Amino acid sequence: MVFLYSRYKQNCAEDETKLLSLKDKNLPTVTVQLPIFNEFYVVDRLIESACNLEYPAKKLQIQVLDDSTDETVEKVATLVAQYKKKGIWIEHVHRTNRKGHKAGALDEGMAKAKGDYIAIFDADFTPDSDFLLRTMGYFEDESIGMVQTRWGHINETYNILTKAQSFGIDGHFMIEQVARNGASLWMNFNGTAGIWKRACIEDAGGWEHDTLTEDFDLSYRAELKGWKFRYIKDVVCKAEIPATMNAYKAQQFRWCKGSIQTAVKLIPRIWKSNESWKIKGEAITHLINYSVHPLMIINILLTAPLLLMEFWAGFKMDDLPMEILFGSAAVLSIGSMGPVIFYAYSQREIHKNWKSKLVYLPILVMIGTGIAVMNTYAWMEAVFGIQSGFKRTPKLRIEKEGDSLQDKIKYVVPVDYRAFLEFFMGAYCVFCIYLSFMVGKPYMIGFMVLYSIGFFYVSYLSVAESFWKFKPATKAEKELRAVA
């Protein structure tokens, strides 16, 4: 990925000749869709950003696709009425059945959309006012069906969790997406901060509801139809990173399960398609990327049996030829360097002070290990076709370091029993550390220490956050309850 990025990154750079002008009378009509579900804290920020987009008022339709079941509905209705009085073409589309979740809302919005192009922004995003003017010009190429922009961060420095997540997001959006799109491989729409050509959505079969990642699903179906996508790394749309562990885990569960559901659904079609082996190979690898988590769990669970192998079977590591030991060590060392280079390179490309940020890379590894239990459950549910409820990611409008998480009482996620399995995995890693000392095989102690901290940290935060609602109400909480 890093090699492809360095070779093809100019293919995803912003082309200033594509910049549109408001004076152009031939600008097409654009529908901006804002799918939301119980977003009381951030919906006003979202609607304000959409209404501030620079585009001819008569050619910009804004749809608030509201599936909310709480007082967010009344808040949206009030905001929409206020912006309508200012001459903005904005509509409140409220559903009560929630069929198909986000995909269903987008599908229903399509039926009422007037635009030939559909821009989509999730509740945690804040597009800049010139977003449309900087992106719509790429549709001059008739083969382009979707334009995706890079995600930025509103609250990157809020806490350790957001700092670590920003590493992962930057790696995907600065390196992976550029590598894929720049090298003419398949890429996917990321669910938000992008624009679709309506004809592309319809030609690909529209939004389907049988996976939790409707964006991934539609992307590959469109590319199977021959549509091309365009990624612009220099146009950045900022978003709020989940600042709580339970919100992050809910997001990861949905992404993991949805991508594997899409893999089960589409890999046979991809395999039988007439695309090149290079495209097929990368597309399938991308789809099954989350398989790393069940493999990680298996790897950790096998550690103790492997440490005890010489006692159980008389096998001794010291009996192996030095060539095998050094050869294996070389291969494993090279493999472990891949993620380090990948994420470090993404920071180098984005930040001037990128070296100072590398301290958070071990934290990303730690948290990535800690959520492996949750994602393994998501993976298994997808593979075995087990249905589960839609796990939304609560957005709490955490924008700066002084914002309090415990003031946001509306969307506290209840404790999940898998947090106790995470604790068990942490304890198991500590047991493996003990065994390593006992049998005189210290080779994996460093990894086990990192893994145990990751599992304990994720487990602790998951439980602690769930009990916030039992603390005495603060002044802010009482005021919010009074408003509600």
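Colleague: Where does T244 sit, and what makes you call this residue buried?

Modeller: T244 is in the loop between β8 and α9 (245–272) in this predicted model. Its relative accessibility is 8%, and buried means under 20%, so T244 counts as buried.

Colleague: Why is N38 called buried?

Modeller: N38 has 9% relative accessibility. The cut-off for buried is under 20%, so N38 counts as buried. N38 belongs to the loop between β1 (30–36) and α2 (43–51).

Colleague: Let's turn to salt bridges. How do you know that R180 and E282 form one?

Modeller: The closest N and O atoms of R180 and E282 are 2.7 Å apart, and the rule asks for a distance within 4 Å. The pair therefore meets the definition of a salt bridge. This pair links distant parts of the chain, with R180 in helix α6 and E282 in helix α10 (residues 277–287), 102 residues apart. Both R180 and E282 are buried.

Colleague: What makes R221 and E208 a salt bridge?

Modeller: Their closest N and O atoms are 3.6 Å apart, and the limit is within 4 Å, so the pair counts. R221 lies in helix α8 (residues 214–224) and E208 in the loop between α7 (198–203) and α8, so the bridge ties together parts that are 13 residues apart in sequence.

Colleague: Are R221 and E208 buried, or partly exposed, and why?

Modeller: R221 has 4% relative accessibility, under the 20% cut-off, so R221 counts as buried. E208 has 25%; this value falls between the 20% and 50% limits, so E208 counts as partly exposed.

Colleague: Which residue meets E422 in a salt bridge, and where are the two?

Modeller: E422 meets K249, at 2.9 Å from N to O. E422 is in helix α18 (residues 418–438) and K249 in helix α9, 173 residues apart. E422 and K249 are both buried. The count for the model comes to 29 salt bridges, and D44, R45, E240, R397 and E399 are linked in a network of them.

Colleague: What lines the second largest pocket?

Modeller: That pocket holds about 350 Å³ of space and has 19 lining residues, with N181, S184, L185, K228 and F229 nearest its centre. The elements giving two or more residues to this lining are α6 (160–182) and β8 (228–239), and β8 gives the most, with three. The lining divides into nine nonpolar, five polar and five charged residues.

Key:
Residues numbered from 1 in each chain as written. Predicted model: local features only at pLDDT ≥ 70, side-chain atom pairs only at ≥ 80, totals over all residues. Heavy atoms only, no water. 1 Å grid on protein atoms, 1.4 Å probe; cavity = no way out; pocket = protein on both sides within 12 Å on 5 of 7 lines; lining within 4 Å. Points joined across faces, edges and corners; volume = space filled by probe spheres on them. Helix = DSSP H or I, 4+ residues; strand = E, 2+ residues; numbered from the N terminus. Nonpolar A, V, L, I, M, F, W, Y, C, P; charged D, E, K, R; others polar. Buried < 20%, exposed > 50% of the residue type's maximum accessible area, 1.4 Å probe, protein only. Salt bridge = Lys/Arg side-chain N within 4 Å of Asp/Glu carboxyl O.
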